[in-house]
Amino acid sequence: MAVKLQGFEFWKTTLRGARYVVAPMVDQSELAWRLLSRRHGAELCYTPMLHAQVFVRDANYRKDNLYSEVCPEDRPLITQFCANDPEVFVQACLLAQDYCDAIDLNLGCPQMIAKRGHYGVFLQDEWELLEKMVKLANEKISVPITCKIRVFNKMEETVQYAQMLEKAGCQLLTVHGRTKDQKGPATGIASWEHIKAVRNAVNIPVFANGNIQHLSDVEQCMEETGVQGVMSAEGNLHNPALFEGHSPPVWEMAEEYLEVVSQYPPCTLSYVRAHLFKLWHHTLQIHKDLREELAKVKNLQGLTEVSRQLRLRCQEEITNGGEEAGQVVGLPFPHWICQPYVRPVPKAPVANSNGTEVKAGCHKRALSQEDSDGASDALSKNKQKKKARNPQKNFCPEQKPKYIKCEQCGNPKGNQCVFNLCRGCCKKKAHKEVADCPSHGLRFKTKSRGLQEEEDGGLLNGTPSPPTDPPQRTDCGLRHGLTGT
C-alpha cells in the first residue's frame, strides 16, 4: 500500500502544486465543465458537492456523479461530500477514494438546504463532531482529507477553528473569506485578512476563496495572503478562461463547452442550460426573447441553436456598430465578452405607512379586479409558465373549488364516496363492512355475493364445490392495486 502523503508534500506531489482551482459547485462543476476549465488554465478541480448518505445507499447516485465520470484528463481531482455523521462520512469516503486524489468535507455551504440538512457551514459551531469526522476519515481512508470552511466574525475564533481541523488530520484547508450570513444580496466583500491570519497560523497548504473576478485578483490575493492557491466559483462560471487572464467572446466558450458535452455524454440538460445562462448572462439582458427560448427548449440541440442565434445577433451588432457596438452601462467590455457579474448592492430599508422598516423590493402591489381575474402581470414567473402550459389553470384563491374534508383523516374526500371519506379511509371501511363504493372502484360486497352464489350453486347440483382459490383481482383491482379480500 502506497504511503499517504500529507500537507505540503501532498500539495506539491499529488496536486502538482496547483494554484488555480475551480470550486466545488452544486450541479455546475460536472465533468464537461471541469475539462473546459482545465483547457483554459485551471490546475485543480473539485466535483460538485455530493451528499454522503445518499452516496452510500444509492448505487445509481454513485455511478451518475462520480464513477461514470472517470477521465484521465480530469486529474488531479478532489471529491467533496457534505455529511454530519462520522461513520457515514467514512463509508462514503471509502466508496469514493479510488476515483479521486483527496476527499473534501464541505463546511462552507450557507444555503437553506444545508441548514435543513444540518451540514455545511451550519456545523461550524460543533467542533467536537467535526474533529471526530476528520480524525476518523484521516485514519480510515487511503487519500488525504481536506476541508472547505467559512470564517467567523472574530479572527481569533477563525484561527482556532482552522487549527482544530489541522490537528484532527486535515491536510489542506480552503478558506472562504465570508461569514455564514454573507450570502445572496448580503454577500459583500470577502475578508482576505481572515485568510491571511489562518495561513500564518497553520502548517498545511491553504487555498483562498472570495473576491476573484480576474487573473489580477488571483495574483493580488496570493501576494496579500500568502496562500498556496486561489479558488474561483462565480468568476469561473462567467469566464472559464479566467485563469488564462483572457476574456474571450462568449460564443467561443459556449461552443467549446457544448462540444465537450457532446464528447462526454450523458450530461444533465439542466446543468448545460444553467451554464449557458451564466455565460450569456449580460447578452440575455438585451435579447430577452432568446432568454425565454433558452428556458423552454427541451434538448441539447435546442440549447445549441439558441446559443448559435445569440452569436449571430452579437456578430451582427459588431458589423453594424463598429467599435462602440455592445457597450452597456456598467460593463467594462461589450456584453458578448466573458466578464464577471457583479451583484448590485442591497437597497437600504424603507419605512412603510406604519413607520416600521421593510426590505426594499419587498412591496407587493395591490391587485385590481382585473388582476384577480388572472392577468399575467399579477402572476409570478413560475405561475406564468404554468399558465402558458395550461391556459385554463386558475390561480385566484377565491375561485378555486373548495374540497370537503374526509371525516376521519382530513384529506379531501371523494366527491361521490358513499361513506364521505377519502380513498384510503374508504377502502378500510368498505373492507371491514363488506360494502361497495362505486366512486372509488371498491366491490367488496359484490365479490362476496358472487362467491356465495358459486358455493350455493355447487351444493344444489349435488357436487361438492372445488377448493376455493384466493380471490382473483378484477379489472378494477388491477387498475387500483386492490384485491377482493
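This is a predicted model: local features need pLDDT of at least 70, side-chain atom pairs count only at pLDDT 80 or more; totals for chains, interfaces and linings use all residues.
In soluble globular proteins, nonpolar side chains tend to be buried together. Here, the largest nonpolar core comprises 103 residues, and the most contacts inside it belong to Phe81, Phe89, Ile103, Leu107, Leu165, Leu173 and Trp280. Helix H12, spanning residues 250-263, gives the most to this core, contributing eight residues. Another core lies apart from it, with 12 residues that include Phe419, Cys425, Ala430 and Phe444.

With residues up to four places away in sequence left out of the count, Leucine 107 touches Gly120, Val121, Leu123, Leu130, Cys147, Lys148, Ile149, Arg150, Tyr161 and Leu165.

The discussion now turns to H12 and its helical partner. The axes of H12 and H13 come within 10 Å and cross at roughly 170°. Because angles over 145 degrees count as roughly antiparallel, H12 is roughly antiparallel to H13. On the H12 side, Val250, Met253, Ala254, Tyr257, Leu258 and Val261 take part, meeting Tyr271, Val272, His275, Leu276 and Leu279 of H13.

H12 and H13 are also among the elements that cover the buried residues of H16, together with helix H14 (281-284) and helix H15 (288-296). Those buried residues of H16 are Gly302, Leu303, Val306, Ser307, Leu310, Arg311 and Cys314. H16 itself runs over residues 300-321, and its 22 residues reach 32 Å from the first C-alpha to the last, close to the 32 Å expected at 1.5 Å a residue. At the start of H16, a side-chain oxygen of asparagine 299 comes to within 3.3 Å of the backbone nitrogen of glutamine 301.

Methods
Residues are numbered from 1 along each chain as its sequence is written. Side-chain values use heavy atoms; hydrogens and water are left out. A nonpolar core is a set of buried Ala, Val, Leu, Ile, Met, Phe, Trp, Tyr and Cys residues joined through side-chain atoms within 4.5 Å. Buried means under 20% relative accessible area, exposed over 50%, partly exposed in between (1.4 Å probe, protein chains only). Helices (H or I, at least four residues) and strands (E, at least two) are DSSP runs, numbered from the N terminus. Contact means heavy atoms within 4.5 Å. The expected span of a helix is 1.5 Å times one less than its number of residues. A polar contact is a pair of N or O atoms within 3.5 Å; within protein, one must be able to donate a hydrogen and the other to accept it, and residues adjacent in sequence count only if both atoms are side-chain atoms. Axes are lines fitted to C-alpha atoms, for helices over the stretch in contact, and angles run from 0 to 180 degrees between N-to-C directions. Angles under 35 degrees count as roughly parallel, over 145 as roughly antiparallel, 65 to 115 as roughly perpendicular and the rest as oblique.
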